[in-house]
Amino acid sequence: MAIVATAMLSACRNDMHVQPKILPLSHSDFFQDGRGSRTPPPGTIARGQLRDDTYLYTGMMSGKPGNVMPFPATREVLERGRERFDIYCAPCHSRLGDGNGMIVQRGFRRPPSFHEPRLRQAPLGHFYDVMTNGFGAMPDYAAQVNAQDRWAIAAYIRALQFSQNAPANVVPAGQPMPSPTVQAPSTPTLPPGAAPGVPERKK
Ligand code: HEC
């Protein structure tokens with residue numbers, strides 16, 4: 001009797017790992033079209049995806065690229081911008097923004113220098129837009145760099161532009177003008193017989 005009761009009780013158990021649920025894209029008889037996955041009702045916004053700040057996400061003000069930051073460009077923002085710029089943009093644009101990055105040196109189309117007058121005058125929203133939607137041969141970086149970071153990069157590009165066009169009176173005393181060109185590191189010499197780029201196999 002006790003054994004039968006235990007067996008019956010355990011049959012009623014419904015652990016969380018066997019909870020009744022519809023797995024993604026699986027069949028369901030509950031709905032007329034037989035699909036388990038439902039189309040979200042119009043206007044549904046997933047958690048964390050409410051984009052109520054239009055300027056932050058488009059960089060546009062009444063259809064034109066704006067020239068203000070959607071949040072203050074603090075030191076942290078600029079440092080974050082530099083970090084992201086060096087990762088995502090410098091391979092083509094170079095750390096200096098002159099368009100001479102490594103990928104360009106290996107044959108990719110050379111982007112314009114950020115220090116040319118047209119881009120020095122371009123509003124911040126233009127840089128944001130180029131990163132968000134791409135520009136000519138340049139792919140967009142919306143998937144790799146989130147909106148806040150794209151603005152941080154735009155702010156950092158402004159700092160880069162200033163760094164190459166700063167008037168003498170804002171340059172610290174003792175610093176030669178223009179700044180001495182940073183020497184590119186020389187290619188390390190390989191031991192004879194070593195194939196470049198192929199590390200030796202550890203035995
Ligand atoms: C794979 C190489 C590559 C990378 C990486 C890249 N760009 Fe570009 N970028 C280009 C090229 C090439 C152009 C010129 C495109 C053309 O004129 O067709 C360009 C153009 C631009 C322009 C100038 C648009 C104009 O008005 O002329 C801006 C601004 C810019 N890129 C910003 C960025 C930023 C910011 C990043 C990093 C998030 C970035 N790019 C990453 C290749 C790259």
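## A walk through the model

The protein chain holds 8 helices and 2 strands. What you see here is a predicted model. The chain has 203 residues, and 14% of them count as buried. If you look at contacts between residues at least 6 apart in sequence, 49% of them join residues at least 24 apart.

Let us begin with helix H3, which covers residues 75–88. Its 14 residues, at 1.5 Å a residue, should span 20 Å, and this agrees with the 20 Å between its end C-alpha atoms. Which residues of H3 are buried? They are Gly81, Arg84 and Phe85. Looking down the axis of H3, you would find these buried residues within an arc of 105°, so they line one face of the helix. Their packing partners are helix H4 (90–93) and helix H8 (147–164). Turn to the other side of H3, and you come to Arg75, Glu76 and Glu79, which are exposed.

Helix H4 also takes us to the ligand. Around the ligand there are 20 residues, and the closest are Cys89, Cys92, Pro111, Gly136 and Met138. Which elements give two or more residues to this shell? They are H4 and helix H7 (124–133). Sorted by class, the shell has 17 nonpolar residues, 2 polar ones and 1 charged one.

Two places in the backbone also deserve a visit. As background, most residues other than glycine have a negative phi. Leu25 has a phi near 65°, a positive value in a residue that is not glycine. You can find Leu25 in the loop between helix H1 (2–12) and helix H2 (54–58). Is Leu25 buried or exposed? Leu25 is exposed, because it has 8 other C-beta atoms within 10 Å, and a residue with 12 or fewer counts as exposed.

Where is Ser62 found? Ser62 lies in the loop between strand E1 (60–61) and strand E2 (64–65). With 5 other C-beta atoms within 10 Å, Ser62 is exposed.

How values were computed: Residues numbered from 1 in each chain as written. Predicted model: local features only at pLDDT ≥ 70, side-chain atom pairs only at ≥ 80, totals over all residues. Helix = DSSP H or I, 4+ residues; strand = E, 2+ residues; numbered from the N terminus. Expected span 1.5 Å × (residues − 1). Buried ≥ 20, exposed ≤ 12 C-beta atoms within 10 Å, placed from the backbone. Arc of directions from axis to C-beta. Contact = placed C-beta atoms within 7 Å. Near = placed C-beta within 6 Å. Nonpolar A, V, L, I, M, F, W, Y, C, P; charged D, E, K, R; others polar.
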